[in-house]
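I opened the file and worked through it entry by entry. These are my notes.

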Amino acid sequence: NKQIYYYLYNMEGKYTKAGTIIGLIGLLITIIVTTISFMSKSSNNLTGEWLMTSKITKADLKAYIGAEVQWKMFVTESDNKIQGTAEKIKINGVDVDYDERTSLEFNGVIEKNKLTINFIENGKARKTSGIIKSIFQEDSFFGNFSQTASSTEGTITGKKNRINDTN
């Protein structure tokens, strides 16, 4: 009987030590995986209202070259992706009448400080598509765009509107 008790006591001690070591390893793995998961997710806080300005530097229709177009954007960010809508509000500093405004639908991917956006513009005559490749810093971005409408290309900037921001 003493031998069985001694054996069980010693085995119990071994299992307790092994259990503690396994538990600590499990905890360490959980902390590492959680940290990597949070680090890989975007914490850029792009969700909100933005003002985006494009300046056309190249176009098949020469009248477009030099034009500046302002858009009011509404962005939602989740992980490393964004999506949203935008509305054309000004051309060359002049307000666009509400019935003449066109809209964009877009989605994009965030990689470190690079933002790539694919968009569809719902134009008056037809839908056109394009891409924006930009770098962002805090509450702004800058880069280039190209679009199928008149094969336009140019520069683009954006600034986050902090007035209504709850983030």
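**Contacts and burial.** I looked first at how far along the sequence the contacts reach. Among contacts between residues at least 6 apart in sequence, 40% join residues at least 24 apart. The model is a predicted one. I then checked burial: of the 167 residues of the protein chain, 30% count as buried.

**Elements.** I listed the secondary structure next. From the N terminus on, I read the order as α-β-β-β-β-β-β-β-β-β.

**Confidence.** The average over the protein chain is 83, and 71% of the residues score at least 70. Which element has the lowest mean pLDDT? I found helix α1 (residues 2-40) there, with a mean of 55. Strand β4 (residues 94-95) has the highest, at 97. I also noted residues 35-42, where pLDDT stays under 50. For that stretch the model has five contacts beyond four places in sequence.

**Aromatic pair.** I searched for ring pairs with centres within 6.5 Å. The count came to one aromatic pair. Trp50 and Phe141 form this pair, with 5.6 Å centre to centre and 45° between the planes. Where in the chain do the two partners sit? Trp50 is in strand β1 (residues 48-58) and Phe141 in strand β8 (residues 140-147). They are 91 residues apart, so I noted a link between distant parts of the chain. Both Trp50 and Phe141 are buried.

**Cavity.** The structure holds one cavity of 30 Å³ or more. I read about 50 Å³ of space in the largest cavity. Which residues line the largest cavity? I wrote down Leu46, Trp50, Met73, Val75, Ile82, Leu115, Ile117 and Phe141. By class I counted eight nonpolar, no polar and no charged residues.

I moved on to open space. The largest pocket has a volume of about 590 Å³. Of the 28 residues that line the largest pocket, Tyr64, Lys88, Glu121, Gln147 and Ala149 are the closest to its centre. I traced the lining back to the strands. β1, β2 (68-78), β3 (81-91), β6 (114-122), β7 and β8 each supply at least two residues. The largest share, three residues, comes from β1. By class, the lining of the largest pocket has 16 nonpolar, seven polar and five charged residues.

**Positive phi.** Glu138 is not a glycine, yet its phi is positive, about 55°. I placed Glu138 in the loop between β7 (127-137) and β8. Ser150, also not a glycine, has a positive phi of about 55°. I placed Ser150 in the loop between β8 and β9 (153-161). Is Glu138 buried or exposed? Glu138 is exposed, because its relative accessible area is 71%, over the 50% cut-off. Ser150 counts as buried, because its relative accessibility is 17%, under the 20% limit.

Key:
Residues are numbered from 1 along each chain as its sequence is written. This is a predicted model: local features need pLDDT of at least 70, side-chain atom pairs count only at pLDDT 80 or more; totals for chains, interfaces and linings use all residues. Side-chain values use heavy atoms; hydrogens and water are left out. Rings of Phe, Tyr and Trp (its six-membered ring) pair if their centres lie within 6.5 Å; planes under 30 degrees apart count as stacked, over 60 as edge-to-face and the rest as tilted. Helices (H or I, at least four residues) and strands (E, at least two) are DSSP runs, numbered from the N terminus. Buried means under 20% relative accessible area, exposed over 50%, partly exposed in between (1.4 Å probe, protein chains only). On a 1 Å grid over the protein atoms alone, a cavity is a set of points where a 1.4 Å probe fits but cannot get out, and a pocket is an open set with protein on both sides within 12 Å along at least five of seven lines; lining residues have an atom within 4 Å of a point. Grid points are joined across faces, edges and corners, and a volume is the space filled by probe spheres set on the points. Ala, Val, Leu, Ile, Met, Phe, Trp, Tyr, Cys and Pro count as nonpolar, Asp, Glu, Lys and Arg as charged, and the others, Gly among them, as polar. pLDDT is the predictor's confidence in each residue, from 0 to 100. Contact means heavy atoms within 4.5 Å.
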